[in-house]
Amino acid sequence: MEIKDFTDMERFEDIMSNWATATGLATVAVDSKGEYISECYNFTDFCIKLTRGSKEGCARCEKCDREGQGVYHCHAGLVDFGIPLVVNGQTMGSVIGGQVLPQDPDEEKFRQVAREIDVDEDEYIKALHKVNVRTEDEIRASAELLGEVLNNFINAEYAKKVNVAIIDKMSSGVANTHAMVEQIIAKTTELKALQNKQKILALNASIEAARAGEHGAGFAVVAKEVGKLSAQSAQVNMEVEEIVRKISTAVEGMRD
């Protein structure tokens, strides 16, 4: 399961967009496979067009994306962040970004990077001067805030999905239980009819035993036992009916 399978991604994007607007920092969310699941916000030409635009630069950036956690310095010299997105103890992606300078840049260091990744030095430095400058404390506070908000949001979305599934299952269970209660009621009605027949049989047996006199003594004993059995069955059936009544009331309450 991926984040997009249970999350309102439109609301997810709103959180990302509002945060990017408020902080001026670059950010994007990726899934467990490292694939983008949100728009890219405030991405700089320095990073996207130039650094990632070169084969070597892109390879170095992807390595930073995989390994970077918290607030860290990327291979090119900017400050980035990587905050895991965790649901139910499972890391399902991360929110990454930053792309800012912690202080005014040392141009010579960035020219060296440009040479290493085979990018035009002057164009690289020109793009560098358009990168925002933020302190590491500012970046860390902003990144942690975004991570906390997104984690709370996706966990709430996951819980909502699970709860809906449970309710659906309970609704199905209630319907099935109601059907079984109806079956029990039908069976107890049949049992009551059989008990009435037992009573009549016991009464008829008693009458025939009385007519037979001494010869009907054994028959009278049987009739008496049949009568006792009928009375015991009636008591058990009454108890079952009371239990079924309580179950039926509880089930009806759940259906409401």
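**Aromatic pairs**

I counted 4 aromatic pairs, taking rings of Phe, Tyr and Trp (its six-membered ring) as paired if their centres lie within 6.5 Å, with planes under 30 degrees apart called stacked, over 60 edge-to-face and the rest tilted. This is a predicted model, so local features need pLDDT of at least 70 and side-chain atom pairs 80 or more, while totals for chains, interfaces and linings use all residues. Residues are numbered from 1 along each chain as its sequence is written, and side-chain values use heavy atoms, without hydrogens and water.

I looked at Trp19 and Phe81 and found them edge-to-face, 5.8 Å centre to centre with 80° between the planes. Trp19 sits in helix 1 (residues 9-23) and Phe81 in strand 3 (residues 79-87), so this pair ties together parts 62 residues apart in sequence. Helices (H or I, at least four residues) and strands (E, at least two) are DSSP runs, numbered from the N terminus. Both Trp19 and Phe81 are buried, meaning under 20% relative accessible area with a 1.4 Å probe and protein chains only (exposed is over 50%, partly exposed in between).

Next I checked Phe46 and Phe110, also an edge-to-face pair, at 5.9 Å centre to centre and 75° between the planes. Phe46 belongs to helix 2 (residues 46-51) and Phe110 to helix 4 (residues 107-116), 64 residues apart. I noted Phe46 and Phe110 as buried. Together with Tyr124, Phe46 and Phe110 make one aromatic cluster.
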